[in-house]
Amino acid sequence: MNNRLLVIATILIIFAVVIVVANIPSLSGLFTSQPVNLTGVEVTQYHGQNLSPISDLRDVSIDGTPSINITSYRLNVTGLVADPQSYTYDQVIEGHQAYQKVVTLNCVEGWEATILWQGVLIGDLIREASPLPNANTVIFHCADGYTTSLPLNYILSNNILLAYKADNVTLPLDKGFPFQVVAESEWGYKWAKWVTSIELSDDPNYRGYWESQGYTISGDLNSSYIGP
Ligand SMILES: Nc1nc2c(c(=O)[nH]1)N[C@H]1C(S)=C(S)[C@@H](COP(=O)(O)O)O[C@H]1N2
Ligand SMILES: [Mo]
């Protein structure tokens, strides 16, 4: 009788331990070969450099936060390309090399945030679509109707990222989920959020949302944002 109780008690204890361990990600990682997913952990430093919390990104938007259905979501590469592409969220992330970079976003409203961005190279996506020789401009179309543009050459020569994580956290919906352009050295209005389409164009004078209200097409952070 005592022995049976002991066996039952032992089984119950083993059960409890297994359930507890399985529910603690850092512990369950020890028992499986799966990497432990720390996607929710916001980092505050990178190689000794202090980062801004992602809450410093002020959710600037022309029309509030759009809703995104990630199941039906597609990122399209269109326009002056020989081979248009249409990627699911997972195809963008899993099918392309990931890169990380610390870059500061400066908004014309006078605030800034220094963030560790993780994303794919926009150039990798563009190259897969085989841009035509006359393409020189990249227009970003967004889920809220916003558009802005950047020179193709700037994107390729600066390894410009399309980010899906900020400070190691998956981009929150109000920060541009699923993807935001990390337009380093450019004013914040060039950092397209909620990107749905990357259009190759031959019009370097294309004016997006803020550019048509008098902001510069170049968007150069070292110049005034008001101008041609
Ligand atoms: N789709 C879309 N992207 C956008 C905007 C917008 O209104 N719509 N605002 C821009 C501006 S002015 C800034 S400063 C940054 C702000 O990015 P954040 O919300 O990550 O801080 O997003 C840029 N990208
Ligand atoms: Mo901005």
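In which loop does Pro-178 lie? Point 5 takes this up.

1. Basis. This is a predicted model, in which local features need pLDDT of at least 70, side-chain atom pairs count only at pLDDT 80 or more, and totals for chains, interfaces and linings use all residues. Residues are numbered from 1 along each chain as its sequence is written, chains are lettered from A and ligands numbered from 1 in the order written, and side-chain values use heavy atoms, without hydrogens and water.

2. Ligand shell. Ligand 1 is surrounded by 19 residues, each with a heavy atom within 4 Å of it. Ser-61, Ile-62, Asp-144, Trp-191 and Lys-193 are the closest. The shell holds 12 nonpolar, 3 polar and 4 charged residues. Here Asp, Glu, Lys and Arg count as charged; Ala, Val, Leu, Ile, Met, Phe, Trp, Tyr, Cys and Pro as nonpolar; the others, Gly among them, as polar.

3. Polar contacts and cover. A polar contact is a pair of N or O atoms within 3.5 Å. An oxygen atom of ligand 1 lies 2.9 Å from a polar backbone atom of Ile-62. For a polar backbone atom of Arg-58, the distance to a ligand oxygen is 3.2 Å. On its own, ligand 1 has 530 Å² of accessible area, and the protein covers 98% of it (Shrake-Rupley method, 1.4 Å probe).

4. Strands. Strands are DSSP runs of E, at least two residues long, numbered from the N terminus. Two of them pair if DSSP finds at least two bridges between them. Strand β3 (residues 75-79) runs antiparallel to β4 (residues 85-87), with 3 bridges. A hairpin of 5 residues connects β3 to β4. β3 also pairs with β12 (residues 195-201), in the parallel sense, over 4 bridges. Val-77 has a bridge partner in each: Gln-85 in β4 and Ile-198 in β12.

5. Backbone points to check. Pro-178 lies in the loop between β10 (169-170) and β11 (180-182). The peptide bond joining Phe-177 and Pro-178 is cis, with omega about 5°. His-47 is not a glycine, yet its phi is positive, about 50°. His-47 lies in the loop between β1 (45-46) and β2 (49-50).

Methods: A polar contact is a pair of N or O atoms within 3.5 Å; within protein, one must be able to donate a hydrogen and the other to accept it, and residues adjacent in sequence count only if both atoms are side-chain atoms.
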